[in-house]
Amino acid sequence: LGPTPVSDREAELQRELDALEQRLQDLSTKIAAVDDESGVPLSPSGEPAPPQPAEPPVDATTAARVAEIGDTMDDVRWTMTLRGMMPPTPEHIDRSRTLLFDPNANLREQLAALRVLRTSDQLTDSDVRQMVNIFNQTTTERAQVEIIRRLDDVRTPEFLDTLMVVSSTSENARVREEAIDSLSGYLPDPDLKDWLEVVSTDDPNKRVQREASRLLREYWPT
C-alpha cells in the first residue's frame, strides 16, 4: 500500500481534532458543574436527592490544564487554516482582521491574515486600504510581491494608485510585473491602455513587457 492520500490524512486529523474538542468540552462542563455546586441537591419532591456516585474531584491544576489545551487546539485549527487544510471559521475571520489593523502585529502575521481574508472572500475595501498602508511601509520586495498578488483583481481606488506608482518606479522587475498583472481588476480603462502600451515597449525587463502586452491583447484585441 502507498502513502495515505493527503485528503484522507486531513479528514482523519479533522476527526481527531473534533473528538479531542468534545472531550475538552465535557471536561469544561464538569469543571463548571463543580464550581457551581452549592448545598445538597433536592429531588422534585423537595426531599434531598439520593446520593449519586462520587465524581473524582477536579482540582485547579486540572482546570488550568484543560484551558491550556483548549488554547492549543485553537492554535492548531488556526495553523491548519493558514495552510489551507480547513476552511476559516468566523472566529478566524475576526482574528485575521484584528491582526491586519493591529499596529503591534508583525508583517508575517499580517500577510497570514491577508491570505485568510482573501481565500475566504471576506476582503473589504477597508482591508485593502490597510494593506496598501502596510505595503507602503515595507521595503521587503518579497512581501510587496505577495501583497500585490493577494490583492489581484480588486477594484479599490487606492490600490490602483499604488499599482501605477510601483509599476513605474520599482527597481525590482518582479514587483513591476505583479503590479502590471494586478491592473486587470481595473480594466478595460482607456487611460490604463495608454500606460500598458508604454510598458509593453519601454520597460527594461522583457517579462514585464510581455505581461503588459498580454493584458493589451486580452482587453483590446485587434
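Me: In which helix does Ser 200 lie, and is Ser 200 buried or exposed?
Reply: In this predicted model, Ser 200 lies in helix α9. The relative accessible area of Ser 200 is 15%, and the cut-off for a buried residue is under 20%. Ser 200 is therefore buried.

Me: Which residues is Ser 200 in contact with, leaving aside its neighbours within four places in sequence?
Reply: Ser 200 belongs to helix α9, and helix α10 comprises residues 206-219. Once neighbours within four places in sequence are set aside, the contacts of Ser 200 are Gln 209, Ala 212, Ser 213 and Leu 216.

Me: How far from a polar atom of the Ser 200 side chain does the backbone oxygen of Glu 197 lie?
Reply: Glu 197 is placed in helix α9, and Ser 200 also lies in α9. A polar contact requires N or O atoms within 3.5 Å. Between the backbone oxygen of Glu 197 and a polar atom of the Ser 200 side chain, the distance is 2.8 Å.

Me: Which side chain does a polar contact of 2.8 Å join to that of Glu 197?
Reply: Glu 197 has a relative accessible area of 33%, so it is partly exposed. Its C-alpha atom is separated by 9.0 Å from that of Gln 209, 12 residues apart along the chain. The polar contact of 2.8 Å joins the side chain of Glu 197 to that of Lys 193.

Me: How many residues does the largest nonpolar core have?
Reply: Met 131, Ile 148, Leu 151, Phe 159, Ile 180 and Leu 196 are the residues with the most contacts inside this core. The elements that give two or more residues to it are α3, α4, α5, α6, α7, α8, α9 and α10. The number of residues in the largest nonpolar core is 37.

Me: Which residues is Leu 196 in contact with, beyond its neighbours within four places in sequence?
Reply: Leu 196 is one of the residues with the most contacts inside the largest nonpolar core. With neighbours within four places in sequence left aside, Leu 196 is in contact with Ile 180, Leu 183, Leu 187, Ala 212, Leu 215, Leu 216 and Trp 220.

Me: Where is Ser 182 found, and which side chain makes a polar contact with that of Ser 182?
Reply: Ser 182 is found in helix α8. Its relative accessibility is 0%, so Ser 182 counts as buried. Ser 182 is in contact with residues including Ile 148, Phe 159 and Leu 163, and its C-alpha atom is separated by 6.9 Å from that of Ile 148. At 3.4 Å, the side chain making a polar contact with that of Ser 182 is that of Asp 152.

Me: What is the distance between the end C-alpha atoms of α5?
Reply: Helix α5 has 13 residues and, at 1.5 Å a residue, should span 18 Å. The buried residues of α5 include Asp 127, Gln 130 and Met 131, and what covers its buried residues includes α3, α4, α6 and α7.

Me: Which residue in the loop between α4 and α5 has a positive phi although it is not a glycine?
Reply: Most residues other than glycine have a negative phi. In the loop between α4 and α5, the residue concerned is exposed, because its relative accessible area is 68%. Its phi is about 60°, and the residue is Asp 121.

Me: What is the phi of Asp 153?
Reply: Asp 153 lies in the loop between α6 and α7. Its relative accessible area is 44%, so Asp 153 is partly exposed. Although Asp 153 is not a glycine, it has a positive phi of about 75°.

Me: Is the peptide bond from Leu 187 to Pro 188 cis or trans?
Reply: Most peptide bonds are trans. Pro 188 lies in the loop between α8 and α9. With omega near -5°, the bond from Leu 187 to Pro 188 is cis.

Technical notes
Residues are numbered from 1 along each chain as its sequence is written. This is a predicted model: local features need pLDDT of at least 70, side-chain atom pairs count only at pLDDT 80 or more; totals for chains, interfaces and linings use all residues. Side-chain values use heavy atoms; hydrogens and water are left out. Helices (H or I, at least four residues) and strands (E, at least two) are DSSP runs, numbered from the N terminus. Buried means under 20% relative accessible area, exposed over 50%, partly exposed in between (1.4 Å probe, protein chains only). Contact means heavy atoms within 4.5 Å. A polar contact is a pair of N or O atoms within 3.5 Å; within protein, one must be able to donate a hydrogen and the other to accept it, and residues adjacent in sequence count only if both atoms are side-chain atoms. A nonpolar core is a set of buried Ala, Val, Leu, Ile, Met, Phe, Trp, Tyr and Cys residues joined through side-chain atoms within 4.5 Å. The expected span of a helix is 1.5 Å times one less than its number of residues.
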